[in-house]
Structure formats: C-alpha cells, structure tokens
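Open the structure in your viewer and show it as a cartoon. The stops below say what to select next and what is there.

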Amino acid sequence: MNTVITPERIELPPGAVLKLLGNWQDYQRLLLQLGDRTVPRIKYRHHEILLMAPLPEHGKKASLLALVVITLLDHLNRVYDSFTPITMSLSEVSGIEPDYCFYIENWQKVQGKDRIDWQNDPPPDLVIEIDVTSYTDINDYLPYRVPEVWLLKNNQLLVYRLHGESYVLGESSYFPNVSEIVRQCLQIASEQTTSEAIRWLRNFLRGQQ
C-alpha cells in the first residue's frame, strides 16, 4: 500500500508515520477530511501535523491496557468514565488523539456530556498511549495538564505524573505496582489471549483480598 495524501484521499500503510509542515487551519482541514475515521491518527504540535497508521500490535495492546485499568477500577469499586476514540484540542496550540482516557476523580464534571470543552472542562485523570512507532511525545499532554499518563513502549509501562510544569516518571497514583501487573498481562496475552490475561488479573486481585 502506498502513501497517498490528496484533498480526496488519505492513505498510509500500516506502521507508517508521516510528518507534514502545516498550521492549525491545515490541521483542521485534515480533521474534516478524515471525518469519523479513526485511521490514520492525526496530531498537531508546533506547526507540524503528524499522521500515523497503527499496526495491529498497537490496537491489541491499547485494548489490553484499557481492560487492565477497567478491571482494577472495578476491583476498587471506583466510579469512572472512559473515552476512545477522542480528540483533545486547544486552538492554535495542540491537537492529539490518546489511545484511551479515563475520568476517575472528575467523572461527575463530564458525566452526560457529548462534547468536552478542553479550555474549561477538566482533562482526563488518566491517559493511555501505546508507542510502537515512536509517535508519542509525553509533553504533548502538558498543555492539557493531564495528571497521569501511561506510555507503553517496548513492552514496558512507563508511568508519568505531572509535577509542576513537567512530567516525572514514578508510580501510579491509583494502582501500586501496576507496571509489574501490566508486564504479566502482556506476557499472558502474547502467549495465550487477552481474555486469559484479564482472567489472570481478576484471580490475582481476588487473592490480594
């Protein structure tokens, strides 16, 4: 499959990342052209537009991590809302599409909303990003002040928490030892299936009670 970018078509081969020079208006036109399509993903930062066509590996791992979070939140009996796909945007500054995001502390502030005002509504409490193609920059989330970002890179979960004006590697504020839990789930999903990984996690959590 060839890369095609025209006013009528946008096509990228799986795994491809394309960087274009462009302004906010160019980004908005591409968003309009893509419509409800979730592929390719599109990002705007610093007069650059990035397009990325995810590999199947990307989708499987994003789904697994989201299920891990949901299982952990259910185990803790936490109320939450989750979104995917979703486009976060601040006019002239940033446009980004996280793989998954969760409202945990602030779920009531977005409850029932069909649209989120990124200027006035709170950001997600937790964002998940899967980086298979070096497409992700953790600092893309600084303009939104997302409190916690999980980045899965090279099968390792990196937990970034917002401290002041920068992100710092550390432990999740919601789930202790989550990096090891994710490592186990990734291994089981790779050797067996996602369902087996989540079944293992449920059994593990029951054993901790």
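Start at glycine 35, which comes directly after helix H1 and has a positive phi, near 60 degrees. Helices (H or I, at least four residues) and strands (E, at least two) are DSSP runs, numbered from the N terminus. Residues are numbered from 1 along each chain as its sequence is written. The model is predicted, so local features need pLDDT of at least 70, side-chain atom pairs count only at pLDDT 80 or more, and totals for chains, interfaces and linings use all residues, while side-chain values use heavy atoms, with hydrogens and water left out.

Next, select asparagine 23, at the start of H1. One of its side-chain oxygens comes within 3.1 Å of the backbone nitrogen of glutamine 25.

Now select residues 24-34, helix H1. Trp24, Tyr27, Leu30 and Leu34 are its buried residues (under 20% relative accessible area, with exposed meaning over 50% and partly exposed in between; 1.4 Å probe, protein chains only). Viewed down the axis of H1, these buried residues lie within an arc of 120 degrees, so they line one face of the helix (the arc is that of the directions from the helix axis to the C-beta atoms). Arg29 and Leu32, on the other side of H1, are exposed.

Move on to the sheet. Its five strands run in the order E3-E5-E4-E8-E7, open and with antiparallel pairing (two strands pair if DSSP finds at least two bridges between them). At the edges are E3 (17-21) and E7 (88-90), each pairing on one side only.

Finally, select 41-45 and 48-52: strands E4 and E5 pair over five bridges. Lysine 43 has leucine 50 in E5 as its bridge partner.

Note on methods
Contact means heavy atoms within 4.5 Å. Axes are lines fitted to C-alpha atoms, for helices over the stretch in contact, and angles run from 0 to 180 degrees between N-to-C directions. A polar contact is a pair of N or O atoms within 3.5 Å; within protein, one must be able to donate a hydrogen and the other to accept it, and residues adjacent in sequence count only if both atoms are side-chain atoms.
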